[in-house]
Amino acid sequence: MSLITLTDPPAVHAHLDMFLRQHLRLSPQENDQDHAINSYFAAALEMVETYTRRRLLTQQLELRLNGFCGSQEIDLEVAPVQSVEAVEYQGQDGVQHTVPGDFYRVLKSEAAYRLAPVFGQIWPVTAWEKDVVRVRFVAGYGGVNDLPKAIYGALLMLTEHQFQHRDGSTAIEGNAQIETRLKPYRIWV
């Protein structure tokens, strides 16, 4: 079993830029609804991340596992991954250890990021307890301006939908324009 947690949230969680204001048809002077727009944009980010299984803005995550599986790969469960900061585990001796960075490699593809021991190595033996392996890594495309245009367009559309329909009816499924933009980026399990 694995569990992924956010350890350091994105530096820019809400983004009121001129494109978002233009998309909502607001002038720079119309700033009385900035708090609501920030909330809608943050909710749109969360919805798109959940739908695509991608992390959009740079953030630090921690994946916890109940142990290594010999030479098997570890699925980091999200994309894109910028870097792996540390792989730590509790050994059978009860002591916390760090796996050296040259002991494993990051396998990248468009939809999956995995860790694997380098050729000829296997993962260390761990204690028989829950959450004995912790993988700390940085994920996300970068800032808002680094997002693929289709994802950014979907964020604008979701934010606009929430801004115009304040009844809480927001969904990606069923909205053909948003689904079309996001489908190529969706990671299937």
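**Talking through a predicted model**

Mentor: Quick reminder that this is a predicted model. Let's open with Arg64, which is buried, at a relative accessible area of 19%.

Trainee: Why does Arg64 count as buried?

Mentor: The cut-off for buried is under 20% relative accessible area. Arg64 falls under that cut-off, so it counts as buried, and its value is 19%.

Trainee: Which side chain does the side chain of Arg64 make a polar contact with?

Mentor: Start with where Arg64 sits: it's in strand 2, residues 59-65. Its side chain makes a polar contact at 3.3 Å, and the partner is the side chain of Glu62.

Trainee: Moving on to strand 4, how many of its 10 residues are buried?

Mentor: Strand 4 covers residues 81-90 and is mostly covered. The number of buried residues is seven.

Trainee: And which residue in strand 8 is the bridge partner of Tyr89?

Mentor: Strand 4 and strand 8 (residues 133-139) run antiparallel, joined by seven bridges. For Tyr89, the partner in strand 8 is Val133.

Trainee: Which residue in the turn between strand 4 and strand 5 has a positive phi?

Mentor: Strand 4 also pairs with strand 5 (residues 96-98), antiparallel, over three bridges. Gln90 and Gln96 are bridge partners there. The two strands make a hairpin with five residues between them, and the turn residue with a positive phi, about 85 degrees, is Gly94.

Trainee: Last one: which strands stand at the edges of the open sheet?

Mentor: Three strands form that sheet in the order 3-7-6, with antiparallel pairing. Each edge strand has a single partner strand, so one side of each lacks a neighbour in the sheet. On one side, two bridges join strand 3 to strand 7 (residues 113-117), with Ile74 partnered by Leu115. The edges are strand 3 (74-75) and strand 6 (104-108).

How values were computed
Residues are numbered from 1 along each chain as its sequence is written. This is a predicted model: local features need pLDDT of at least 70, side-chain atom pairs count only at pLDDT 80 or more; totals for chains, interfaces and linings use all residues. Side-chain values use heavy atoms; hydrogens and water are left out. Helices (H or I, at least four residues) and strands (E, at least two) are DSSP runs, numbered from the N terminus. Buried means under 20% relative accessible area, exposed over 50%, partly exposed in between (1.4 Å probe, protein chains only). A polar contact is a pair of N or O atoms within 3.5 Å; within protein, one must be able to donate a hydrogen and the other to accept it, and residues adjacent in sequence count only if both atoms are side-chain atoms. Two strands pair if DSSP finds at least two bridges between them.
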